[in-house]
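Hi,

Here's the structure I promised to pass on.

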Amino acid sequence: MSALITRRALVGGMAAGAATLLSGCDRLSANEDFRKILFSADNMHRWTQRALINREALAREYSPADMSPRFRANGTRYPQTPFYLDMSSDLFARWQVKVGGLVNRPLSLSMPQIRAMPQREQITRHDCVEGWSAIGKWRGVPLKLILEQAGLRDTARYIVFHCADDMGGGKVYYESCDLVDAFHPQTILAWAMNDKPLQVAHGAPVRMRIERQLGYKQPKYVTGIEAVSSLRGINGGKGGFWEDVAGYEWYGGL
Amino acid sequence: MDQIEMKDEPTGGDLVRRHRLSTRIWHWTNALCLYVLFCSGLGIFNAHPRLYWGEYGAIFDKPWLELHRFGPLWTLPSYYSLALARRWHLAFALLFAFALLIYMLWSLANRHIGRDLAFRRGELAPRHIAADIWNHMRLRFPTGAEALRYNVLQKGSYIFVIFIALPLMILTGLTMSPGWDAGAPWLLDLFGGRQSARSIHFICAWTLVAFFLVHMVMVVLAGPFNEVRSMITGRYRLPKGEAA
């Protein structure tokens with residue numbers, strides 16, 4: 001009998017405890033100091049990966065047979081800004097990718113120029129932060145070649161990608177990565193997917209592929225590549241649109 | 001003579017040292033981690049409540065399991081926020097993984113694994129296991145000095161959790177990280193792809209919930225006050241035998 005009461009008390013206690021814990025956790029999530037600790041795990045994961053993983057290690061490349069029958073598009077499907085609509089009206093013939101910031105020779109690359117550079121083709125897995133994955137084939141210019149052509153200054157520490165998709169509320173999509181990922185052999189400015197020019201839903205005319213990071217770190221509709229010494233002064237200061245507005249990790253390799 | 005025997009072999013009713021400090025610290029750290037990881041994990045799952053086998057799997061592909069989103073009593077945070085759920089999950093994943101690693105090394109050093117967890121000769125004999133199952137079914141638990149040792153079912157479940165289920169959670173978790181997949185591509189081969197790893201991670205999480213529920217039932221049946229005290233202070237009152 002006493003065991004029965006204890007059991008009942010325990011089950012009730014567990015349910016009440018769980019609810020208390022949960023509301024406690026919600027309150028903790030809103031606490032500025034606690035958030036700082038919670039959010040610092042991002043850096044610890046990055047340090048662990050940078051320390052334990054070969055910085056040149058390649059993301060797995062698959063065979064054509066492994067490809068997803070249909071590659072899901074996510075995020076912006078068709079930017080509705082006057083600029084983008086104007087550019088898409090003649091199939092991006094006037095699209096330019098400006099390379100600037102802390103570089104010795106700022107560049108403005110047209111699509112024919114981008115296609116004329118040495119290319120890399122890779123069949124890789126795209127991992128969305130939501131949990132799904134899709135395998136597709138990408139073709140583009142290694143970012144390393146573009147950055148070498150522009151010549152990075154010694155003070156450059158990050159590469160910021162500016163995009164043409166307006167996210168509403170006066171915010172545009174942008175992303176950034178460190179120089180380890182920027183110079184990684186699989187990091188390409190891609191203009192073709194699955195043997196066709198990039199579709200609008202997938203980022204036409206050019207998007208980034210940074211294969212060791214999650215999908216939101218691979219911006220579409222790239223208009224500018226900027227070398228900077230700090231991410232602080234740019235937009236929300238956290239290095240990317242989703243990082244700024246929702247608190248996603250800046251390092252997307254996890 | 002009697003006194004010496006008492007010292008060597010404590011009997012029912014004695015208050016004895018039961019759990020080491022390392023075991024107690026790890027037990028409660030782990031309890032906290034598993035709670036946070038499970039609830040935040042369901043919060044992450046809610047972003048795409050479908051599971052697949054293989055390398056890829058998205059909205060156009062066929063899932064082997066599709067669920068509704070888990071409600072606010074299940075997830076952390078209780079409202080839908082993939083970003084915050086990930087922050088909780090990834091922060092506590094570090095604590096969980098390193099705590100397990102330290103506990104394993106510490107338990108190897110203080111011979112907890114060798115003395116208390118490893119099966120002894122004869123314990124794995126079918127007759128012995130059958131007898132232990134029969135004792136459990138009759139809710140007959142060891143008394144006196146016998147209660148100082150884990151029985152074979154206990155050992156089996158602790159070994160399964162510590163050396164199989166928890167490492168499996170960590171490894172399948174790492175397989176979902178594109179950074180780790182580049183650094184350790186054998187993870188993808190081990191689990192048959194990233195989406196398979198995600199499925200195994202999910203199944204394994206529920207297996208741990210099942211362990212937790214059985215664990216709770218056993219604690220209640222064995223005497224919750226004594227059991228919880230032994231996991232906090234390390235002191236345990238040896239149960240008296242019925243005949244004694």
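Starting with confidence: chain B has a mean pLDDT of 92, with 95% of its residues at 70 or more (pLDDT being the predictor's confidence in each residue, from 0 to 100). This is a predicted model, so to speak of local features I need pLDDT of at least 70, and side-chain atom pairs count only at pLDDT 80 or more, while totals for chains, interfaces and linings use all residues. Residues are numbered from 1 along each chain as its sequence is written, and chains are lettered from A and ligands numbered from 1 in the order in which they are written.

A contact here means two residues whose C-beta atoms, placed from the backbone, lie within 7 Å. Where pLDDT is low, the predicted coordinates should not be read in detail. For the complex, the predictor gives an ipTM of 0.92 and a pTM of 0.93.

On to chain B itself. It has ten helices and four strands; these are DSSP runs numbered from the N terminus, helices being H or I of at least four residues and strands E of at least two. The C-alpha trace spans about 75 × 35 × 35 Å along its principal axes. Of contacts between residues at least 6 apart in sequence, 71% join residues at least 24 apart.

Helix α3(B), residues 82–109, covers 40 Å from first C-alpha to last, close to the 40 Å expected for its 28 residues (1.5 Å times one less than the number of residues). Just after that helix, B:R111 has a positive phi of about 65 degrees.

In helix α9 of chain B (194–222) sits B:S199. Is B:S199 buried or exposed? Buried, because 23 other C-beta atoms lie within 10 Å; the cut-offs are 20 or more for buried, 12 or fewer for exposed, and partly exposed in between, with C-beta atoms placed from the backbone. Beyond its neighbours within four places in sequence, B:S199 contacts B:L51, B:Y52 and B:W53.

Finally, the interface: 46 residues of chain A are in contact with 39 of chain B. On the chain A side, α1, α2, β3 and β4 each supply at least two residues, and α1(A) gives the largest share, with ten. By class that side has 24 nonpolar, eleven polar and eleven charged residues (nonpolar: Ala, Val, Leu, Ile, Met, Phe, Trp, Tyr, Cys and Pro; charged: Asp, Glu, Lys and Arg; polar: the others, Gly among them).

Cheers
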